[in-house]
Amino acid sequence: MMKRALFWAATLIVLAIVIGPLLWIYLTAFKASGDIFTTELKKLIVFAPTLDNFQRLMTDYPYWFNLGNTAIVSVVSTIFVMLVSLPAAYSFARWNTGGGHLLFVTISTRMFPGVVAALPFFIIFRTLGLLDTHVGLILLYIYFNTSFATFLLYGFFRDVPAELEQAAMIDGYGRMEIFRKVVFPLILPGLAVTTVFCLIWSWNEFFYAFLFTRLTARTVNVLISSFWGSIEVQYGPMAAGAGIAILPTLVAAWLMQRYIIRGLTFGAVKG
Amino acid sequence: MAGVILEKVTKLYGPKIAVQDVSLACKEGEFLSIVGPTGAGKSTILKILAGIESVTSGNVYFDGRRVNDLPPQQRNVSMAFETYNLYPHMRVYDNVAFPLRAPRWNLKLTPEEERRRVAEIARFLGIDELLERLPQHLSGGQKQRVSLARALVRRPAVYLLDEPIAHLDARLKFSTQTLLKEFASKYRSTIIYVTHDYREALGLSDRIAVLRRGSIEQEGTPEEIYNTPATDFVGSLIGEPPMNLIDGEVVTRNGQAFFSAGDNFTIQVRDDLVASMRQAARHAEGRMLTRLGIRCEHVALSRAKLSDNSFQLPVYAIAHEADSSVVTFDLGGCFLYVRSRGETESRDYRLSEKAWLDFDQSHVFFYQATVDVAKV
């Protein structure tokens, strides 16, 4: 009985930590300014819902345009990342290309804090005229995600036994056909997980977007941060903007949760 | 169908020798078994034939054509793996049909033909009930039969079977062995069969090659391998109980050659065997040491003295089998096994009772000692 109570208490605490901020965002998004700043405790949950914040967001700010930028940059960079990482990881896993050194160099790009690369990139991008462009941000995200995706996919490819491919060779299939008919179906969960991770990472990325974009390529995260002004903090539109911006990642994570859990434990429970 | 020739093939993994100077020929339509203990290089030879492994030196010929540099896809072989290697995301049906669908063989089967071919081999191996299942829902023995079906569904130049029935239970093993034999004669297939179980090799093969530490120890028909083992290794590997191997000394008295081991075991060696005995002997501390080999069924056993050359030993243990008994004698350094067929006597030997033994010297061999025969 005691054990049960403890279990539920722990569950509730974890749930509160995870759901609390989300709840705050969605409650605040539907509140009028008066309800946001009141100290009355019951107004935390009980209030007259309004769509004012959303209306202001759409009319006074280029919200959809910036959300579109986020989508373009995330999707395009992820496509390119997968196009490069998939063959790279396969080659690392199957033929140990570069004797391990190349793989290490690839991964090492994620071993320093992002800010280290910011200055050199900024100078290069300024010279090339890539500041505040979609292409510029896409290139940056490709740079950061390729190493991560390659490393993740490398693990999934390693889990496909080489003997399976040898069996397919003996059965009369060429390299490409084997990849398509044997290897690809087996790493599909891993591929899904990697793609979703890359998408979510680019979607959520703030630091580089903040430094490298101003107007044309500004992402939705940067817009949301601008509500935190020097004079006032506009919690209403901020919450409304964030509430919409996090929806795709929530949906993606929810849809893929079966694959994500399976993908992350893929190597551990092979049978 | 094709004949296969290995010519002085050597395979190194780094400094480790997997296969050394192996020359082997398998004629078209022949069933050749490669027998050897774990790690002898049997599977490596199959992988070399399949083209999965390259040779370090030597040549591989299919039908007189050198295929060293041909990739697996171009060799037209099929293979059953000891580890099954079924495609986990395909149903059993698709696993078996997979080789039939490869564009390289240009079979262009209609869906009906394909279904017929798969159903035929599945029925043959008793897996027709499993066709809709995924490999992960099969037992080890079922997976093994699926793997075998995948190897047998096509008509390649050579079939390479790596321990294809090792994980089946005893009854199924026997029936599948019969099926394989039927398959081999029906399609006159060239089959190279790897096993560590000498019974399978004796039962199935036209010819057997015994492999030891990467080299061929003996090659011959099952009868030759069983009845005239070339070395003590072959004798101890083939047969249950293994061939009796007795370490002893060559003694010459009055121009007669004797073999003696321990304190109370000495036999006179037949004249025609003396030459081979001396050849196998080595000199140590002024003595001539050699090793005598004889199969357990060539030792006669009786309560009465059998001949001038027979000798007496106390019974150490008796194991009864359905149609015979194996009586064990302690010879000091090693055990001597004697198979006694059905008759009355062997059943009621008592432990420690002294029995008369006599070697049938037309089945006695002398070997250089190359394996350890300590009591086990």
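**Between the two chains**

Mentor: Let us begin with a salt bridge, in which the side chains of Asp171(A) and Arg150(B) meet at 3.9 Å, N to O. Please keep in mind that this is a predicted model.

Trainee: How many salt bridges are counted between chain B and chain A?
Mentor: The count between chain B and chain A is 1 salt bridge.

Trainee: And how many residues are in contact there, on chain B and on chain A?
Mentor: On the chain B side there are 23 residues in contact with 17 residues of chain A.

Trainee: What area is buried between chain B and chain A?
Mentor: About 1,700 Å² is buried between chain B and chain A, and carbon and sulfur atoms give 66% of that area. Within chain B, the residues that lose the most area to chain A are Gln73(B), His89(B) and Phe98(B), which together account for 30% of what that side buries.

Trainee: Why quote an area for an interface?
Mentor: The size of an interface is often given as the accessible area lost when the parts come together.

Trainee: Let us turn to chain B itself. What helices and strands does chain B have?
Mentor: Chain B has 10 helices and 21 strands. Its C-alpha trace spans about 80 × 45 × 35 Å along the principal axes.

Trainee: What share of chain B is buried?
Mentor: Of the 376 residues of chain B, 54% count as buried. The accessible surface of chain B is about 17,100 Å², with 49% belonging to carbon and sulfur atoms.

Trainee: Now chain A. Which domains does the assignment give?
Mentor: The assignment for chain A gives domain 1 (1-50) and domain 2 (52-264). The C-alpha centres of domain 1 and domain 2 of chain A lie 31 Å apart.

Trainee: What do domain 1 and domain 2 of chain A bury between them?
Mentor: They bury about 930 Å², 70% of it on carbon and sulfur atoms. In that pairing, 11 residues of domain 1 of chain A are in contact with 13 residues of domain 2 of chain A. The salt bridge count between these two domains of chain A is 0.

Trainee: One last topic: where is Leu12(A) placed, and is Leu12(A) buried or exposed?
Mentor: Leu12(A) lies in helix α1 (residues 2-29) of chain A. Leu12(A) is exposed because its relative accessible area is 56%, and the cut-off for exposed is over 50%. A nonpolar surface patch of about 760 Å² includes Leu12(A), with Ile13(A), Val14(A) and Leu15(A) among its other members.

How values were computed: Residues numbered from 1 in each chain as written. Chains lettered and ligands numbered in written order. Heavy atoms only, no water. Patch = residues over 30% accessible without salt bridge, like charges linked within 9 Å, V, L, I, M, F, W, Y side chains within 5 Å. Areas by Shrake-Rupley, 256 points an atom, 1.4 Å probe, with all protein chains shown as cover. Salt bridge = Lys/Arg side-chain N within 4 Å of Asp/Glu carboxyl O. Helix = DSSP H or I, 4+ residues; strand = E, 2+ residues; numbered from the N terminus. Buried < 20%, exposed > 50% of the residue type's maximum accessible area, 1.4 Å probe, protein only. Domains from an automatic or database assignment. Contact = heavy atoms within 4.5 Å. Buried area = accessible area lost by both parts, 1.4 Å probe.
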